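Work through the exercises below with the sequence and the structure in view. Try each task before reading its solution.

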Amino acid sequence: MPPSPASPSLPAPGVWHAFGLIALYFALQLAIGGLVSLVAGLLAVLRHGGAITDVVHVGRAWLVDPASSAIAVMVTLLLAAACTVRLVRHRWPVLWSVGRLPGLGFTPPPQALMYVVAAALGVLMPLVGGMLTQWLAQGHEVSQDIKQLGAHIPLPLRVPLALLVVTLGPLVEELLFRGVLLSAIARHAGNAWAVVLTAALFACVHLPDLSFLWYALPNLALLGLVLGWLRVQSGSIWPAVLAHGMNNLLAVVSWFVMAPGK
């Protein structure tokens, strides 16, 4: 059964809504991360003694430890994602489960085969994208912050962090980029251009995690194109979430293969 078309009368997200939500999501991460650091610093000062003016310094020192940083990342992702999902669900409740654009796509795809296609593409993209990046990098090292973090934390923290990176992270990013943003741009530029523009913005937003290395952009943009194609072709956001999660899964496997168990 084909996805139900969205009624033109439904209030669909605009481009500025999408940009605002993406900015809010990352701002929430900064704010919550800073708050976690302050709380940790305050608790340390109260426990071990010291001046209240040392709270910020102690909090920053706490974040230097990989285990502490992993805890901060998990708390930050959980709270920022929960706030973002709740806000979008509240703002566009009718569009939430509408498959066809401008719907947000939280409905099963009409063809279950799309899950198989999504899983296969999710496994293939890191391999193809990795080769493309290495070719463009010409021998220069390409590293991601999350890979560095996960490789140096104890196993009891590594497992829940990996689960969040593979599940919740892809879910909220797909909601923002292949949900709200794709819907907003498609209203003005059509589905094809919406997929291309969304992929470009998706790549640019992730540059800070890659130390602003320009040769990582094509890999991210290619992934964004595939995720956008899955969203439009399947009439559902879930195949894109699955492919995104599989892509992240291959990135975190190295935490358990190469990192020492602690």
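**Exercise 1.** Find which residue lies over the face of Phe202, and state how far it is from the ring centre.

Solution. This is a predicted model, so the answer comes from computed positions.

**Exercise 2.** Classify the ring pair of Trp96 and Phe106, and say where its two members lie.

Solution. The ring centres of Trp96 and Phe106 are 4.1 Å apart and the planes meet at 5 degrees, so the pair is stacked. Both residues lie in the loop between α3 (66–91) and α4 (113–137), so the pair ties together parts that are 10 residues apart in sequence. Trp96 and Phe106 are both buried, and together with Trp238 they form one aromatic cluster.

**Exercise 3.** Describe helix α3 by its span, its N-terminal cap and its buried residues.

Solution. First take the span: α3 has 26 residues and reaches 37 Å from its first C-alpha to its last, which is close to the 38 Å expected at 1.5 Å a residue. Next look at the N-terminal end, which is capped by Asp65, with a side-chain oxygen 3.2 Å from the backbone nitrogen of Ala67. Finally list buried residues of α3, among them Ala70, Met74, Leu77, Ala81 and Val88. In reading such a list, recall that an α-helix has 3.6 residues a turn, so residues three or four places apart point the same way.

**Exercise 4.** Decide whether Asn247 is buried or exposed, and name the residues that it touches.

Solution. Asn247 lies in helix α9, residues 238–257. Its relative accessibility is 15%, so Asn247 counts as buried. Leaving aside residues up to four places away in sequence, Asn247 touches Gly122, Met125, Pro126 and Leu223.

**Exercise 5.** State how many disulfides a search of the whole structure finds.

Solution. The search finds 0 disulfides. Turning to individual cysteines, Cys83 counts as partly exposed because its relative accessibility is 41%, and Cys204 likewise counts as partly exposed, at 43%.

How values were computed: Residues are numbered from 1 along each chain as its sequence is written. This is a predicted model: local features need pLDDT of at least 70, side-chain atom pairs count only at pLDDT 80 or more; totals for chains, interfaces and linings use all residues. Side-chain values use heavy atoms; hydrogens and water are left out. A disulfide is a pair of cysteine sulfur atoms within 2.5 Å. Buried means under 20% relative accessible area, exposed over 50%, partly exposed in between (1.4 Å probe, protein chains only). Rings of Phe, Tyr and Trp (its six-membered ring) pair if their centres lie within 6.5 Å; planes under 30 degrees apart count as stacked, over 60 as edge-to-face and the rest as tilted. Helices (H or I, at least four residues) and strands (E, at least two) are DSSP runs, numbered from the N terminus. A charge sits over a ring if NZ of Lys or CZ of Arg is within 6 Å of the ring centre and within 35 degrees of the ring normal. Contact means heavy atoms within 4.5 Å. The expected span of a helix is 1.5 Å times one less than its number of residues. A polar contact is a pair of N or O atoms within 3.5 Å; within protein, one must be able to donate a hydrogen and the other to accept it, and residues adjacent in sequence count only if both atoms are side-chain atoms.
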